[in-house]
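Here is a friendly note to read alongside the model. Keep the structure open and find each place as you go.

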Amino acid sequence: MTTIDIEAEIRAEPSQGAAHRATLLASLGWVAAVGVLVFWPDLTFQPLVRELALCWSVVAAALVLLGLGSRRLGRVGRWTAARAPWLLALGIGAAIWTGLTAKTGLLPQPFFPTPQAMLEVFLYDWPKILYSASFSVWLLARGFFFGAVAGFLIGIGMGWSRAFSYWATPLLRYVGPLPATAWLPLAFFIFPTSGSASVFLIAFSTAFPVAVLTWSGIASVNRDYYEIARTLGASPLFLITRVAIPAALPHVFVGLFMGLSTSFAVLVVAEMLGVEAGLGWYLQWAQGWAAYANMYAALFVMAAMCSGLITLLFRIRDRVLVWQKGVVRW
């Protein structure tokens with residue numbers, strides 16, 4: 001072992017020790033949550049107390065093992081240690097949630113369900129939640145795909161052709177900013193099914209930001225790139241596909257992120273009004289029956305789905321735009 005290796009190992013020791021302590025400290029938050037759940041009497045009968053205590057105990061035990069073996073686990077140990085403050089906060093939050101709902105009633109039921117009630121929903125109503133989530137993902141995927149393709153092509157046309165921009169700019173300026181939900185009555189009247197109308201509304205909400213950002217990216221490409229390519233004999237198609245589009249891709253991905261965020265809101269509204277399945281439909285059904293635990297479960301799944309799809313889009317962006325990888329993290 002060289003002197004440089006020894007110095008690097010000495011410098012790494014304090015950080016590894018801090019990671020070890022942070023992960024062990026995070027486990028104490030979940031131990032506290034288990035203690036509040038088991039040893040503090042409930043105001044009323046709560047289901048699945050033992051099952052929930054077991055789940056939280058498994059989390060605490062896993063954090064203890066990860067903390068003790070952080071030096072041997074490499075990337076897994078570092079990943080856990082980096083998120084240890086959040087894991088501790090989640091454990092303390094679970095203890096506070098239990099105390100405010102099941103133990104003291106400061107947050108009255110059924111408007112604020114207990115952790116046990118939430119676990120009951122996921123255990124016994126998971127087929128309906130899973131079907132609703134899959135339906136929403138499929139509906140969102142179709143609308144987002146068509147909207148992204150349409151917005152991308154419109155943006156390229158506006159950024160490349162002055163004639164196309166002359167006719168398209170007024171339409172984009174006055175029609176594009178309108179909320180997609182404002183077209184709900186017309187969409188459900190024109191399209192044969194509520195599903196196709198929902199796809200149109202999601203595509204409409206996605207196309208506008210993608211078109212505007214693609215247009216901006218194409219228009220801001222340095223003209224010297226075109227001149228150099230032309231001197232080498234590049235055709236107009238080559239200039240569009242090999243010069244303009246690659247240079248505009250950072251703007252395009254910004255438009256895709258904006259379109260994805262707006263399409264979620266349209267998705268929920270469309271499912272609430274006309275679609276017979278999906279998380280928006282499940283949310284409205286739970287609200288109609290005053291099943292607040294089911295409603296919060298749908299919100300939790302919706303948040304996880306949104307975060308997962310945005311993470312996937314970030315992964316695609318990092319793969320396509322390698323030179324910008326790590327500039328913006330998600």
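1. On the α11 side the contact is made by Tyr225, Tyr226, Ala229 and Arg230, and on the α12 side by Leu239, Val243 and Ala244. Contact here means heavy atoms within 4.5 Å. Sorted by class, this contact has 6 nonpolar, no polar and 1 charged residues. Ala, Val, Leu, Ile, Met, Phe, Trp, Tyr, Cys and Pro count as nonpolar, Asp, Glu, Lys and Arg as charged, and the others, Gly among them, as polar.

2. Please keep in mind that this is a predicted model, in which local features need pLDDT of at least 70 and side-chain atom pairs count only at pLDDT 80 or more, while totals for chains, interfaces and linings use all residues. Residues are numbered from 1 along each chain as its sequence is written, and side-chain values use heavy atoms, with hydrogens and water left out.

3. Now the geometry of that pair. Helix α11 covers residues 223-231 and helix α12 residues 236-273; their axes come within 10 Å and cross at roughly 140°. The two helices are therefore oblique to each other. Angles under 35 degrees count as roughly parallel, over 145 as roughly antiparallel, 65 to 115 as roughly perpendicular, and the rest as oblique. Axes are lines fitted to C-alpha atoms, for helices over the stretch in contact, and angles run from 0 to 180 degrees between N-to-C directions. Helices themselves are DSSP runs (H or I, at least four residues), numbered from the N terminus.

4. Look at both ends of α11. At its start, a side-chain oxygen of asparagine 222 reaches to within 3.0 Å of the backbone nitrogen of aspartate 224. Just after α11, glycine 233 takes a positive phi of about 90°.

5. How do α6 and α7 pack? Helix α6 (residues 115-124) and helix α7 (residues 126-160) have axes 5 Å apart, at an angle of about 75°. That makes α6 roughly perpendicular to α7. Val121, Phe122, Leu123 and Tyr124 of α6 meet Trp126, Pro127 and Ile129 of α7. This contact has 7 nonpolar, no polar and no charged residues.

6. Leucine 123, in helix α6, counts as partly exposed because its relative accessibility is 40%. Buried means under 20% relative accessible area, exposed over 50%, and partly exposed in between (1.4 Å probe, protein chains only). Although leucine 123 and glycine 105 are 18 residues apart along the chain, their C-alpha atoms are separated by 24 Å.

7. Which residues does phenylalanine 257 touch, not counting residues up to four places away in sequence? They are Ile310, Leu313, Phe314 and Arg317. Phenylalanine 257 lies in helix α12 and is buried, with a relative accessible area of 18%.

8. Serine 205 sits in helix α10 (residues 194-219). Is serine 205 buried or exposed? At 11% relative accessibility, serine 205 counts as buried. Leaving aside neighbours within four places in sequence, its contacts are Ala180, Gly259, Thr262, Ser263 and Val266.

9. Aspartate 318 belongs to helix α14 (residues 292-320) and counts as buried at 15% relative accessibility. The side chains of aspartate 318 and arginine 317 are joined by a polar contact of 3.2 Å. A polar contact is a pair of N or O atoms within 3.5 Å; within protein, one must be able to donate a hydrogen and the other to accept it, and residues adjacent in sequence count only if both atoms are side-chain atoms.

10. Finally, some backbone details in the loops. Most residues other than glycine have a negative phi, and most peptide bonds are trans. Leucine 48, in the loop between α1 (3-39) and α2 (49-68), has a positive phi near 60° and is buried at 14% relative accessible area. Alanine 290, in the loop between α13 (279-288) and α14, has a positive phi of about 55°. A cis peptide bond, with omega about 5°, joins glutamine 109 and proline 110.
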